[in-house]
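Visitor: I am new here, and I would like to understand the words you use. Could you show me around?

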Amino acid sequence: MFSHVEPYAGDPILGLMEKFAQDDRPNKVNLGVGIYYDDSGKIPVLNAVRKSEERVFAAHAPVSYLPMEGDRTYRNLVARLLFGSEAAPSSESLAMVQSLGGSGALKVGADFLKHYYADSTVHVSDPTWDNHIGIFEGAGFTVGRYRYYNSTTKGLDFNGMLEDLRGLKQRDIVLLHPCCHNPTGVDPDQEQWQKILDVVEERNLIPFVDIAYQGFAESLTLDAFVVRELARRQRNFLVSNSFSKIFSLYGERVGALTVHCADSTQTANVLGQLKFNVRRNYSNPPTHGMRLISGVLSDEALYKQWVGELDAMRLRIAEMRQRLHASLSAAVPGRSFEHIVKQRGMFAYTGLSATEVAMLQSDFGVYAVASGRISVAGLNSNNVDYVAEAFARVIK
């Protein structure tokens with residue numbers, strides 16, 4: 001019956017985690033997976049989340065099915081986080097569903113768009129997170145790429161990006177990373193974003209904004225600039241967001257998909273079709289993680305505590321960038337590593353080749369993605385100098 005089923009090649013990042021787990025070297029370092037670790041190398045449980053969970057358990061509330069679109073209070077809180085303090089999904093322009101993390105939001109959005117824009121092409125940055133391509137191809141789209149990363153400057157290919165976007169046909173879908181670009185860590189500044197959005201508007205493209213790291217670049221407000229600017233311009237667009245990283249709740253799979261409707265008379269119909277897509281996929285979202293996040297976002301003291309913890313995570317990542325840059329600059333004099341401190345968020349595009357990455361793994365037990373992308377959040381005070389030494393050994 002299954003003799004014709006092909007083997008699965010495996011996911012490059014999750015497969016790397018399996019190899020890392022099997023490595024018995026005591027000084028091994030995992031820089032492949034996008035998980036935030038604290039300075040002791042542990043996944044933190046945020047104190048604000050812990051207190052919220054205590055309240056959830058103390059309430060002994062029943063766990064019934066949620067509506068297809070998810071919990072209303074949660075969606076109100078997410079809308080305010082993304083769009084500003086006045087926003088709520090009950091407002092006329094926002095159709096929102098609670099989702100299974102950011103990937104679930106992308107999947108629901110992709111299926112929705114494929115039904116109504118079957119002839120459109122999806123365009124993602126070159127490079128992008130591999131699952132962006134998988135999700136949209138899985139929905140039946142052809143996926144193209146627009147220029148983004150300049151391997152020579154190790155920065156943004158801004159002119160190439162604009163040129164490629166200008167060449168897209170009307171109603172094509174363009175996936176945008178509003179902050180902490182995955183995998184490069186290279187972000188446009190606000191002036192560049194304005195010009196990018198001008199082209200999106202001129203070409204009548206459909207923006208799909210994927211924001212998984214709000215608060216990891218500059219702040220919760222500044223990192224949402226693209227989302228809020230598109231809303232200010234009264235554009236039709238989609239937003240997928242995830243709380244895995246910024247709440248350190250990876251296994252709870254909590255996120256949301258929001259569709260901003262420029263014509264508010266269309267919002268109810270859009271929400272209805274999103275609910276229909278949810279119903280025939282996973283039916284309705286889970287409860288526990290949603291309650292944890294709602295408990296933090298709805299309580300002034302817990303919210304303030306969470307923002308402080310989020311700021312501390314962002315600052316620790318920035319410190320590790322500085323430490324890695326300093327150690328590499330000392331170990332390999334004459335070679336510039338400025339790109340490491342200019343990039344933002346969890347990830348850095350090191351410029352290492354696939355051969356050099358393979359040597360890091362085999363000779364030093366330092367695991368990175370073949371593209372040279374590393375998770376800066378995997379560095380800490382105990383391993384950053386060792387990682388810098390390993391980098392220096394393979395690039396000399």
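Guide: Gladly! This is a predicted model. Let us start with the largest cavity, which is lined by L328, R335, F337, I340, T350, L352, F391 and I395.

Visitor: What makes this a cavity rather than a pocket?

Guide: A 1.4 Å probe fits in a cavity but cannot get out, whereas a pocket is open. The largest cavity has a volume of about 50 Å³, and the count of cavities of 30 Å³ or more comes to 1.

Visitor: How are the residues of its lining divided by class?

Guide: The lining of the largest cavity has 6 nonpolar residues, 1 polar and 1 charged. Arg counts as charged, and R335 is part of that lining.

Visitor: And what is there to see in the largest pocket?

Guide: The largest pocket holds about 720 Å³ of space. Its lining is made of 31 residues, and S103, W129, N131, K245 and R253 lie nearest the centre. By class, that lining has 14 nonpolar, 10 polar and 7 charged residues.

Visitor: Which helix gives the most to this lining?

Guide: Helix 5 does, with 6 residues. Helix 1 (12-22), helix 4 (101-116) and helix 5 (130-138) each supply at least two.

Visitor: What about the second largest pocket?

Guide: About 400 Å³ of space lies there. The second largest pocket is lined by 21 residues, with Y117, R171, N236, Q266 and V270 closest to its centre. Two or more lining residues come from each of helix 4, strand 9 (237-242), strand 10 (254-260) and helix 9 (267-279). The lining of the second largest pocket divides into 12 nonpolar, 7 polar and 2 charged residues.

Visitor: Now to another word. Why is Q343 called buried?

Guide: Buried means under 20% relative accessible area. Q343 has 3%, so it is buried. Q343 sits in the loop between helix 12 (338-342) and strand 11 (347-349). Leaving aside neighbours within four places in sequence, Q343 is in contact with K154, T184, G185, V186, R321, A348 and Y349.

Visitor: What makes the pair Q343 and Y349 a polar contact?

Guide: A polar contact needs N or O atoms within 3.5 Å, one able to donate a hydrogen and the other to accept it. The backbone nitrogen of Y349 lies 2.9 Å from a polar atom of the Q343 side chain, and 2.9 Å is within that cut-off.

Visitor: How do you know that N383 is buried?

Guide: The same cut-off of 20% applies. N383 has a relative accessible area of 11%, so it counts as buried. N383 lies in the loop between strand 13 (373-375) and helix 14 (384-395). Beyond its neighbours within four places in sequence, N383 is in contact with V29 and G378.

Visitor: Which residues of helix 6 are buried?

Guide: In helix 6 (residues 158-166), F158, G160, M161, L162 and L165 are buried. These buried residues pack against strand 4 (143-147), strand 6 (155-156), strand 7 (173-176) and helix 7 (190-202).

Visitor: Which residues touch the most other members of the largest nonpolar core?

Guide: Among its 99 residues, they are F216, F243, F247, W306, L324 and V366. A second, separate core of 28 residues includes V122, V124, I206 and L238.

Definitions and conventions. Residues numbered from 1 in each chain as written. Predicted model: local features only at pLDDT ≥ 70, side-chain atom pairs only at ≥ 80, totals over all residues. Heavy atoms only, no water. Core = buried A, V, L, I, M, F, W, Y, C linked by side-chain atoms within 4.5 Å. Buried < 20%, exposed > 50% of the residue type's maximum accessible area, 1.4 Å probe, protein only. 1 Å grid on protein atoms, 1.4 Å probe; cavity = no way out; pocket = protein on both sides within 12 Å on 5 of 7 lines; lining within 4 Å. Points joined across faces, edges and corners; volume = space filled by probe spheres on them. Helix = DSSP H or I, 4+ residues; strand = E, 2+ residues; numbered from the N terminus. Contact = heavy atoms within 4.5 Å.
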